[in-house]
Amino acid sequence: MKKNIVKTTGVAFLSGLLAVGTFTSCSEDLLEVPQKGVVAEGDYYITDADAQAALIAAYDHFAQDITGFNDGATYCPFRFVFNLCSDDIYAAGEFFGDNDFAGEMNEFRYDSGSAVITNSYNRMCMAAYYASTVINYFGGEKANTPVKKQCVAEARVLRAYIQMMLTIGWGNPPMLDHVYKPGEYPTNCADHNAALEWCAQECLDAVNDLPERDGKNDKNGAAVVTQGFAYAVAGKAYLFAGKNADAASALKKVIDSENYDLVPGERYGENFHIEGDLNEEKIFEPNIEACALDTWNGYIQKSTWMEANIWNWRSDHFVLNPSSMYSSIDGWGGLGVPQWIADEFVAHDGADSYRLKATIININDVVFKSKYQPIEVVEGDELQSYGTPAKNEDGTNKTDKASGKQLYTVDLSTVPEDALKTSDDLGIGEKGLYGQSFYLALKPVAKSTDLRSPGDNLRLNNFTIMRYAEVLLMYAEAALANGQTTEALNAVNQIRTRAGIAPLASVTLEDIKAEKRIELWLEGNRWADLVRWKDFDGVKNAGQHVSQLYDKLLRAPKAGENPTWENGSEANSRFYLVDSHVAKDNGANIGFKEGKHELFPFPTNTVSVNPNIKQNPNW
């Protein structure tokens, strides 16, 4: 499915070579690299076209280093680092230890050598370097044309966003406010909140040189930095700095622009798939396909291709593959939905809300409502009466080779659900599903239409950096703290109404927290919010217990297990959960530790080559 090919200052590819430099706060392999390029620096950074080419390189690296970089081990580290420590997901898989780079983050077993942390930190620094290059060579007095001014403004906001996320995750990282020269080693920023306020001010200072999105249907305006994204980043930075009045003011400008809107409830799910790319709800998302080189390597560095493998369902652990109803590829089952968040979601939204149906799915719906290919059952099977005798190509009756019995072809779509629920011809196999509850994730699963072609795990829908729903919820929080209760209530109720649930009569901070953890689940917000709010109860025991989902028709509970039955008792349930606690049994040091895990450690290879960086506490 081809997407809109955006042709604006920020995204259109122009010819020309870009001289590259070094960035000394990143990993050792990025340090003290001689400047490359065949064009002398003094002859290159001059014209509007040069400025555009430099900005394109900044967007290109933002797409590669922020949204899609993988090193063959961690895949999408940016999304992982800001989600995996949350209390609302399991780092699941085939078994404990599968994709352990994710498991160690989820259970707080990681250290400063973590591949997720190292790759995320280093690649964000690299992306900031390319934005700084634009600012360095075309900013100030050199910004002597409208094109150069706009290029610099876009780069400033890209860099401010990166600095904000580094500051949220690492506390006091170096300030990425200029191009560092070889041998120049930055120090930690002096003040966390001041760094966040710097990010906000950078965005505000850039606004006047940025274009506005040209209405809600302007797809170009969602793929590049605009005034709306600048105000949104400023608002988020202020919110995290505790400057609620300033946050509310900046975020209100996004709302008042009327350039953005929530998609209708029936379209809610499109936000996470290719049909929703650049829609009216998107504040900013790099256009992956338009930005990528038309090669395998070009695409995989700018898309979340391996995420499709990791987070799609573990279909080989089912008797029949259920993925065909949604996706043309199977996955590694690396993302689990803890039962508490599923229960809260159902209680909050009801089972039929637009939002719930696009986010998680009950195991009964997965097993019994999937669109399977017709199957063959042997004579005497409980589903025989719903089938017809299977035939060989020559028209003779087809028999089972092992037993010699007649085979029957059954179209499962014609079988009553009550009959399916008592049949072992479908369901979860004996191995069960590690790290899963009675609900599976649906929101991140790659649909067939998201893929370059059916069966190909190369995912081409855009990586959303921010959508309007987040702006409304941040605004609600900031406005409430600022005494603007009516404004806060209106913002929350817009979210609830779109979800398909009743509006609130009044609003509290707890209401906003609940709305945010459901609306923005798995979008990189939950962990940062837990730290900001100091809500650590849900992560202190991370790794103590991880549920494993089983099907009693294929695997009965074993002695010593204490199963949790879906409907309260074995008689009324087919599926059950068993607690797994392998990390604890192996003596791993698991669970959130106050005074340590609020901040990620600076990567080992960064600290080892930069003596000026002070490691975070207790690392």
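Reader: Let's start with the cavities. How many cavities of 30 Å³ or more does the structure hold?

Author: A cavity is a space where a probe fits but cannot get out. This is a predicted model, and the structure holds seven cavities of 30 Å³ or more. The largest cavity has a volume of about 440 Å³.

Reader: Which residues lie nearest the centre of the largest cavity?

Author: Look for R79, F463, T464, L522 and E523; they lie nearest the centre, out of 27 residues in the lining. You can also read the lining by element: α3 (77-81), α6 (146-170), α13 (305-311) and β10 (466-467) each give two or more residues to the lining of the largest cavity.

Reader: And what is the lining of the largest cavity like by class?

Author: Sorted by class, the lining of the largest cavity has eleven nonpolar residues, eight polar ones and eight charged ones.

Reader: Now for pockets. How much space lies in the largest pocket?

Author: A pocket, unlike a cavity, is an open set of points. In this model, about 450 Å³ of space lies in the largest pocket. There are 26 residues lining the largest pocket, and Y90, P338, H545, V546 and S547 are the closest to its centre.

Reader: Which elements give two or more residues to the lining of the largest pocket?

Author: Those are α14 (339-349), β11 (546-551) and β13 (575-580). Of these, β13 gives the most, with three residues. By class, the lining of the largest pocket divides into nine nonpolar, twelve polar and five charged residues.

Reader: How many bridges pair β8 and β11?

Author: Two bridges, in the antiparallel sense. To find the pairing by eye, go to Y434, which stands opposite Q548 in β11.

Reader: I also see a sheet with β5, β6 and β7. What is the order of its strands?

Author: The order is β5-β7-β6, so here you have three strands in an open sheet with antiparallel pairing. β5 and β6 each have a single partner strand and stand at the edges, so one side of each is left without a neighbour in the sheet. Ignoring direction, neighbouring strands of this sheet are turned by 40° against each other on average.

Reader: Which residues stand opposite each other there?

Author: Take one pairing at a time. Strand β6 (residues 387-389) pairs with β7 over three bridges, in the antiparallel sense. P389 stands opposite Y408 in β7, and T388 stands opposite T409 in β7. On the other pairing, four bridges join β5 (residues 375-378) to β7 (residues 407-410), again antiparallel. There, V410 in β7 is the bridge partner of I375.

Reader: Last, helices. At what angle do α2 and α5 pack?

Author: For a helix pair, read the angle along with the spacing of the axes. Helix α2 (residues 48-68) and helix α5 (residues 115-138) pack at about 170°, and their axes are 8 Å apart. Angles over 145 degrees count as roughly antiparallel, and α2 and α5 are therefore roughly antiparallel to each other.

Reader: Which residues of α2 and α5 meet?

Author: From α2, they include A54, L55, A58, F62 and I66. From α5, among them are M124, A127, Y130, V134 and F138. By class, the contact of α2 with α5 has 14 nonpolar, two polar and three charged residues.

Conventions: Residues are numbered from 1 along each chain as its sequence is written. This is a predicted model: local features need pLDDT of at least 70, side-chain atom pairs count only at pLDDT 80 or more; totals for chains, interfaces and linings use all residues. Side-chain values use heavy atoms; hydrogens and water are left out. Two strands pair if DSSP finds at least two bridges between them. Axes are lines fitted to C-alpha atoms, for helices over the stretch in contact, and angles run from 0 to 180 degrees between N-to-C directions. Angles under 35 degrees count as roughly parallel, over 145 as roughly antiparallel, 65 to 115 as roughly perpendicular and the rest as oblique. Contact means heavy atoms within 4.5 Å. Ala, Val, Leu, Ile, Met, Phe, Trp, Tyr, Cys and Pro count as nonpolar, Asp, Glu, Lys and Arg as charged, and the others, Gly among them, as polar. On a 1 Å grid over the protein atoms alone, a cavity is a set of points where a 1.4 Å probe fits but cannot get out, and a pocket is an open set with protein on both sides within 12 Å along at least five of seven lines; lining residues have an atom within 4 Å of a point. Grid points are joined across faces, edges and corners, and a volume is the space filled by probe spheres set on the points.
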